[in-house]
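Try each task before you read its solution.

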Amino acid sequence: MSVRNVGIVYRKELTEALRDRRTLIAMVVVPLLLFPLLSVGLGSLITVMVNKADEEASTVMIKGGDDSPKIVEGLRQLKTIHVVPLQSDWKSRIVNKDLAVVVEIPEGFDKNIAAEEPQTVVVYGYDGDLKSDSAAKKITKFLEGYRDDVVKKRLASHELPDSVLEPFRTKSENVAPPEKSGGALFFGGFIAYIVVFLCFNGGMHPATDLTAGEKERGTMETILSSPVSRTHLVLGKFLLVLTTSLSTAALSVISMGISFTIANALKTRPVQEGASNAGFHIGFGAALSVFIMAIPLAVLFAAVLITISSFAKTNKEAQSYIVPLMFIVIFPAIAAIIPGIELTPKLAIVPILNVSLLCKELVIGTYHWKYIILIFLSTCGYAAGALFLAVKMFQRESVLFRS
Amino acid sequence: MIEARELCKTFQDKKRGEVRAVDRVSFVCRPGQIYGLLGANGAGKTTTLRMLATILEPSDGTAMICGYDVVKEPEKVRARVGFLSTATALYPRLTAQEMVEYFGRLNGLDEATLKKRVDEIFDRLDMNGFRDRRCDKLSTGMKQKTSIARTLVHNPPVMIFDEPTLGLDIMTARTIIAFICECRDQGKTVIFSTHVMSEVEKLCDVIGIIQNGKLLAEGSLAQLRERHGEQDLEEIFVKVVAPHYASAEG
């Protein structure tokens with residue numbers, strides 16, 4: 001009878017949840033859309049924008065250079081820029097994004113080169129603006145080439161070889177597996193953050209709806225008048241919140257796996273940039289490991305959400321308690337992304353941070369078994385404590401009939 | 001049968017300290033009888049009925065429902081009670097049928113019995129026209145019928161009604177009143193609270209007047225008339241309650 005009642009409550013809550021638009025959005029739509037949008041959508045968009053800026057002829061003005069026709073002619077010959085006559089309001093034109101950059105050629109540029117006098121060519125631009133940065137890059141590339149030619153000519157005039165400027169070279173080489181180094185570490189932390197965040201987010205609305213929402217709608221008294229015990233009632237509700245939380249986590253892991261595979265195939269820019277030679281991908285084993293570690297975390301979240309929401313009188317009040325809690329959850333998840341924060345025995349018992357750090361390692365294929373066991377057990381312990389608290393809260397009249 | 005024995009309920013209030021909402025209330029309500037608990041707002045009616053329905057636990061004293069103690073065996077008590085009040089709402093995203101079936105299952109009915117019982121009740125209350133409609137799409141009258149069906153699904157021998165007609169239009173209120181009479185005619189033990197004198201006069205076999213959590217007077221309408229020398233129930237009520245009301249207010 002008792003387990004049967006937990007099942008009856010769970011089935012009813014599931015039926016209602018699947019008819020609730022807000023729960024479905026948080027549980028299904030957000031994880032299924034977030035990763036494709038982040039990886040393929042946003043990646044493709046950035047790639048298109050950057051390529052467009054690179055291919056488009058940038059509008060450039062040249063300040064000075066009247067006495068140095070050689071460099072000015074060199075700039076005018078560039079096919080990637082479009083030189084327009086200098087205007088007095090060039091600064092505001094750059095700020096208003098009507099003009100990409102201005103190149104200032106110092107007075108007597110050609111003469112100074114011949115005299116081997118030091119001088120500076122200034123490129124004025126809008127730092128952070130894609131078109132301006134792209135134009136500055138094109139100009140700088142041209143100027144560096146121009147400078148190298150001058151240097152070569154000077155060396156030749158002094159009968160010196162090119163190697164005189166470069167007695168030796170430096171080179172860095174990565175010995176770590178490509179899938180575990182570079183941007184992959186950041187990627188792992190980012191995935192952990194997203195899983196933690198969505199796990200919490202997936203359970204948020206159902207938890208408030210099944211507790212404070214029931215009080216607000218007046219169905220709490222209805223269900224309390226039925227023979228189901230309060231422990232079984234809260235367990236049925238808890239299982240539903242856990243289901244939505246885990247479904248969100250599972251869907252997000254599946255979605256991110258597929259999305260990053262597609263993003264790698266399309267070679268969209270953010271993936272290319274951070275990944276060095278390795279494409280970002282999540283193997284089945286890593287995805288399964290992340291999901292398994294998300295289970296006790298989801299239990300913890302579900303129990304905490306039920307406990308806090310059951311104290312509230314209305315959905316709105318419950319939201320006001322949970323939103324600050326979300327920051328408490330997000331903070332350790334973000335901390336896991338910060339370079340240099342690694343798993344230690346002490347950090348392995350810090351809730352949320354421990355799972356985030358572990359997931360970061362799991363995503364890149366590193367399995368520290370002693371930490372995995374410690375983190376799994378400690379999170380299970382926290383989850384059991386939170387669930388016990390949720391059951392106790394549901395047995396308190398002062399909480400259920402708070403006025 | 002309902003037997004309340006020295007029922008007490010105290011609450012802690014930040015401003016007022018300990019509040020005694022129900023103070024040693026004892027009464028008996030027998031099968032085939034309607035017991036009316038009459039009192040002003042805040043008199044202790046709802047708290048008393050919630051204790052009988054085991055929604056609240058008594059601070060002291062107890063009550064026996066069909067031989068089961070509300071403190072020691074609350075789940076067995078709830079399985080024998082149908083509780084209806086204006087505060088007992090319906091699940092908005094369930095259909096009328098799902099709502100009734102949910103409570104049938106929680107009351108331990110097997111699927112075959114449940115189906116038979118649901119069909120019976122839906123026929124009797126003329127609910128077939130909206131059985132598959134979600135509760136948030138029902139009219140007030142349909143909602144009340146669904147609530148009645150929910151309380152009846154497990155055929156409980158005891159019915160508890162807490163101000164069941166509060167805020168309802170006359171036609172919906174009449175449906176509820178007719179239902180309460182039907183319960184009595186079926187031999188169920190019925191207790192209901194109200195502050196509407198006409199309902200009490202029309203329905204109740206025994207009347208209990210409650211104020212400040214204390215049961216101040218009890219008896220049939222005829223007995224109360226004789227005891228207080230008044231014919232009108234409202235006058236009797238005022239005569240009983242006024243001294244205590246003044247002390248509580250003052």
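Two residues are in contact if their C-beta atoms, placed from the backbone, lie within 7 Å. This is a predicted model, in which local features need pLDDT of at least 70, side-chain atom pairs count only at pLDDT 80 or more, and totals for chains, interfaces and linings use all residues. Residues are numbered from 1 along each chain as its sequence is written, while chains are lettered from A and ligands numbered from 1 in the order in which they are written.

**Exercise 1. A helix pair**

Task: Find which residues of α12(A) meet which residues of α13(A), then describe the packing of the two helices.

Solution: 
- Start with the elements: helices (H or I, at least four residues) and strands (E, at least two) are DSSP runs, numbered from the N terminus.
- On the α12(A) side, pick out L305(A), I308(A) and S309(A); they meet A318(A), Y321(A), I322(A) and L325(A) of α13(A).
- Helix α12 covers residues 284-311 and helix α13 residues 315-335 of chain A; their axes lie 8 Å apart at an angle of about 145°. Here axes are lines fitted to C-alpha atoms, for helices over the stretch in contact, and angles run from 0 to 180 degrees between N-to-C directions.

**Exercise 2. A covered helix and an exposed loop residue**

Task: Decide how many residues of α14(A) are buried, and whether P339(A) counts as buried or exposed.

Solution: 
- Set the cut-offs: a residue is buried if 20 or more other C-beta atoms lie within 10 Å of its own, exposed if 12 or fewer, and partly exposed in between, with C-beta atoms placed from the backbone.
- Helix α14 of chain A, residues 353-363, has 11 of its 11 residues buried; among them are L353(A), C359(A) and K360(A).
- Just after α14(A), G365(A) has a positive phi of about 90°.
- P339(A) sits in the loop between α13 and α14 of chain A. It counts as exposed because it has 8 C-beta neighbours inside 10 Å.

**Exercise 3. The nonpolar cores**

Task: Name the residues that touch the most other members of the largest nonpolar core.

Solution: 
- A nonpolar core is a set of buried Ala, Val, Leu, Ile, Met, Phe, Trp, Tyr and Cys residues joined through C-beta atoms within 7 Å.
- The largest core has 154 residues, and those touching the most other members are V195(A), V196(A), A302(A), A303(A) and L52(B).
- Its largest share, 16 residues, comes from helix α7 (residues 183-210) of chain A.
- A second, separate core of 15 residues includes I62(A), I94(A), V101(A) and V102(A).
- Leaving out residues up to four places away in sequence, A303(A) touches F238(A), A383(A), A386(A), L387(A), L389(A) and A390(A).
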